[in-house]
Amino acid sequence: MTKSVGYALLAGLAAVVMLISTAIFVGFGGDGDGPGSSPHKPRDPVAPAVSGQWVGTWSAAAAAAEPGTLDGYAGMSIRNVVHTSVGGTGVRIQLSNLYGTRPLVVSHASLALAAAPSNPTAATGTMRRLAFGGKPAVTIPAGGAVTSDPTRLKVPADADLLVTTYSPSPSGPATYHPYARQTSYLARGDRAEDATGAAYTEQSPYWRYLTGVDVWSTEARGSVVAIGDSITDGITSTAGANHRWTDFLAARLRNEPGAPRYGVLNQGISGNRLLVNGSRFSPNNGPSVLSRLDRDALSRTGVKAVIVEIGLNDLFKSPRQLDPQKIVAGMREIVREAHARGLRVTGSTLTPFGGHRGYSTQLNSVREQVNRLIRSGTVYDEVVDFDKALRDPSAPVRLRPAYDSGDHLHPSDEGFLAMANAVNLNHLRQSAPASL
């Protein structure tokens, strides 16, 4: 054999090896973690061979079973409108039947960019039918969840998406998020792939079944999850404006030089507590942060950091917890569980509520004791001082007037902006847990 022939054979063998290696890489590309993922995943059609990863761009916590929906939404199309924090070239969604009592059949699901903010009409050429395990329909068992197959779509950051599901048969109570601060839509019949919004004549302030949207990104390096109560849920923010503090944080992460490029996932539930579970049905306060931490925060797609804002409802709601040490012990348990996943936790101080109907000097004393322990650095890895950011300098037990929505507890849009500005972005990029 001549040298030239030998070199040619070696080059050919090397090319074959490279082709096989690339096929293996592409065939198993993408992060399959998250609700409903299968250990036997089909080839990911949007995962490039060299770079990129799945990151969460939007989420909402499954809060409760929607009252009055014992038969679900049989024969109805539900078009959820959600807002992205980061963009990508591929997309997949998560659906939940957590509070359902029967299997949920989704026979048709779609995704599209909205033609205009808060509008049910799809932008031209963006409508995509979603599949689940290669099939156009999926049955989600009671208490279960599922992740769709990826689909190619260029998804911008800071944009509205339309995620539509159609269920042909009764399915039991709908799993929902009641305080969306965003208008979604319903239509009679299977209108899942209607590009026009003409059939979507019924408006809704809820998100139903949809709990997450991931994008395939070569720019974002992960996601930060914010978990908490109505203040994180953004219950008093302007509807449709995306003015929750997490939305303002997402803008900072997108726009500020040197900021870590993370998606932001909002896992707030209004009325939520740290230590005690809410009712399964009304008043929809959701399971406690401790009981939902893994599902709603630690296991989210691409999570790199966690921000916790919780505790006031443990003071307000019966049974009240007035021992600051027990409240702080619950916060420390959050940190222990996050550290077991290699994640650091930024925790917030409890915010002022002087003038609110639930205010008392006793409750405020407990709040201040909890805040002193948080500020001591022995509770969370990092501290974001939302109390300091929001309080009135001339009356520290109250919110600054410009930051008060009017109920003396929940911030205004300006207050939510002040909260986002109080977050130290450098704290979010650190990965090694601190020693507490």
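The following legends describe close-up views of a predicted model.

**View 1. An open, parallel sheet of 5 strands in the predicted model.** The strands follow the order E18-E17-E19-E20-E21, and their pairing is parallel. Strand E18 (262–268) and strand E21 (382–384) stand at the edges; each has a single partner strand, so one side of each is left without a neighbour in the sheet. On average, neighbouring strands of this sheet are turned by 25 degrees against each other, direction ignored. Strands of a sheet pair through backbone hydrogen bonds, either parallel or antiparallel.

**View 2. The pairing of strands E20 and E21.** Strand E20 (residues 345–348) runs parallel to E21 and is joined to E21 by 3 bridges. Ser348 stands opposite Val384 in E21.

**View 3. Helix H3 lying across strands of the sheet.** Helix H3 comprises residues 245–255 and lies across strand E17 (222–228), E18 and strand E19 (303–309). Relative to E18, H3 runs at about 170 degrees.

**View 4. The crossing of helices H3 and H9.** The axis of H3 comes within 8 Å of that of helix H9 (residues 413–422), and the two axes cross at roughly 50 degrees. H3 and H9 are therefore oblique to each other, and their crossing is right-handed. On the H3 side, the contact is made by Trp245, Phe248, Leu249 and Arg252. H9 contributes Asp413, Phe416, Leu417, Met419, Ala420 and Asn421. Classified by residue type, the contact of H3 with H9 has 7 nonpolar, 1 polar and 2 charged residues.

Note on methods:
Residues numbered from 1 in each chain as written. Predicted model: local features only at pLDDT ≥ 70, side-chain atom pairs only at ≥ 80, totals over all residues. Heavy atoms only, no water. Pairing = 2+ DSSP bridges. Helix = DSSP H or I, 4+ residues; strand = E, 2+ residues; numbered from the N terminus. Axes fitted to C-alpha atoms, helices over the stretch in contact; angles between N-to-C directions. Contact = heavy atoms within 4.5 Å. Parallel < 35°, antiparallel > 145°, perpendicular 65-115°, else oblique. Left-handed = near helix turned anticlockwise from the far one by under 90°. Nonpolar A, V, L, I, M, F, W, Y, C, P; charged D, E, K, R; others polar.
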